[in-house]
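Dear colleague,

I am passing on the structure that we talked about, and my notes on it follow directly below. Please read them with the structure open.

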Amino acid sequence: MDEITIGSWDHSPSLPIPLDILFDIIQHLPIQSVLALRQASKGFYAITRLRSLWALLLRTLVHEQNIPIPSFDGKSLDFLSALELERLTCCALALRSNWTNPDPDAKREVDFYKPTEPDSRIIFMEFLPGRGNRWLISVTMNAQPRKYVIQCWDVAVLQPVCIAELTHMEGPYGGIVINDDPSSPAIIVMQSALTEILTIDFEEDDPESAFVPLSVIDGIREIHLLSGSTLVTRRPENCGEVSIWDISDQPYEKIQLVNPSLLQNDRCQAMHLCDDYMVIVRQKTVELYSTIPRPNIIATPGAPISYPLAQHTFHWLTETVNMSKQVSWHAARSHHPSPINIVIRFGSVYPWPVNMLHHFVLNPNPLYVPGRETSLYNLPYLMQPTPVQTIGSPVRLFAPSSVALGRYGTVLWLDSHTEDWAGPSDCGQRLAGRILTATGGFSTSQHGSHDNMIFRVRDDDLWNKVAVDEESGRIAVGYVNGSITLFEYS
């Protein structure tokens, strides 16, 4: 096929529409219509094979709509062919169409890891960001004898396989956190009697040798966030300060974040670290701190202390909080902060939490000047979260529940709602979700539905954890008996 040029198209007497105007028209067509257009004539066949067209469609239909691209993994678009750009565009839109369907169709479902020990249960699950979007981290707790098994699974193969395993049996266990920076060698931090920083040797043949220690920090603390070479912890005592550590070489405490207005043990629920500031959501407050170390006004031993630049107080205590910065093409282009989605299930005066999820958005401050130091006079966010919507999510007394929130706005939850498919019942669960938008309402899709996406239902209460990877279209569900089920939608 001869390569068509803009000049030959623009000067063709039978095809009088300028190519740039034709591109403007094509980008408003459904992708199926674009593919059908190439069958209309040789000229349209050539046009719909142009690299410039597919680069435009990938940008306008996918990137600008903040839609994840399966198997993209940070590739440079400059080196991709027209066919590769077309495949990425079509795969991203096909996944989005299925993902936002009220009844998404799982292309693959596989059960794996069924421990033989009694009283085993999944207590943590999370996909590793980046790295080919193929790794899932799980933690299983066994009651008799008490032990914790941390495992890394390759879920890109036909039958997921464990490539790394670490068993913790002695001393206290305070959980793990996953590094949100896929380029960092430090992948996991585990809290026991020490704070242990670990990496994973993905090429190691022996799973029990694949978790490799990098460094340790003495003492017991709460671990909350790991981002690149920065670790954020909190002292477990009442009014325990939040500490920011540099773990790039020999770990040391860079700065302490202290809120003197908190006189009670107000635990940290979620955190977001970016550049020179940090957002912390506690049980009843949202706080913003500068993370630039400065000498203390009154000389004291230890790390410099930073106090809140701004804070907001909720009317009720939070039971669970999930927080994630929304991927925003337009914010990235303008170098402004992206909106932050916050999904909260509030507590109540009863032994069970409120049967609703509340979606808030922390909106960027329109007066913020990027590149200028964060201060009381240059705050990146408006500190009063904007309420956007409430989502009905009933949870029976003592029934397990879980929430996962992705960077592209997908919120998934496990709850006890059964009325739509089984009527009122004293057992049963659903795995449901929505696409959140920072401006309120719902993301648009070809289905035009404002309903939840119902991914799965069951007639018992065996699910207890959920994890999501929007870029690969995968959902993992953990069970109270220690099993894991993987669903793929791409």
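Helix H5 (residues 51-63) packs against helix H6 (residues 82-99) at an angle of about 25 degrees, with the two axes 8 Å apart; axes here are lines fitted to C-alpha atoms, for helices over the stretch in contact, and angles run from 0 to 180 degrees between N-to-C directions. Helices (H or I, at least four residues) and strands (E, at least two) are DSSP runs, numbered from the N terminus. H5 and H6 are therefore roughly parallel to each other, a term for angles under 35 degrees. From H5, Arg51, Trp54, Ala55, Leu57, Leu58, Leu61 and Val62 meet Ala82, Leu85, Glu86, Leu88, Thr89, Ala92 and Leu93 of H6, where contact means heavy atoms within 4.5 Å. By class, this contact of H5 with H6 has eleven nonpolar, one polar and two charged residues, counting Ala, Val, Leu, Ile, Met, Phe, Trp, Tyr, Cys and Pro as nonpolar, Asp, Glu, Lys and Arg as charged, and the others, Gly among them, as polar.

This is a predicted model, in which local features need pLDDT of at least 70 and side-chain atom pairs count only at pLDDT 80 or more, while totals for chains, interfaces and linings use all residues. Residues are numbered from 1 along each chain as its sequence is written, and side-chain values use heavy atoms, with hydrogens and water left out.

The second largest cavity is lined by Ile67, Pro68, Ala92, Leu95, Arg96, Trp99, Tyr408, Thr410 and Glu470; a cavity is a set of points, on a 1 Å grid over the protein atoms alone, where a 1.4 Å probe fits but cannot get out, and lining residues have an atom within 4 Å of a point. H6 gives the most to this lining, with four residues, and the lining as a whole divides into six nonpolar, one polar and two charged residues.

Two backbone details lie in loops. The peptide bond from Gln144 to Pro145 is cis, with omega near -5 degrees, and Pro145 is found in the loop between strand E3 (135-142) and strand E4 (147-154). Asp119, in the loop between strand E1 (108-112) and strand E2 (120-127), has a positive phi, near 60 degrees.

With best regards

Conventions:
Parallel < 35°, antiparallel > 145°, perpendicular 65-115°, else oblique. 1 Å grid on protein atoms, 1.4 Å probe; cavity = no way out; pocket = protein on both sides within 12 Å on 5 of 7 lines; lining within 4 Å.
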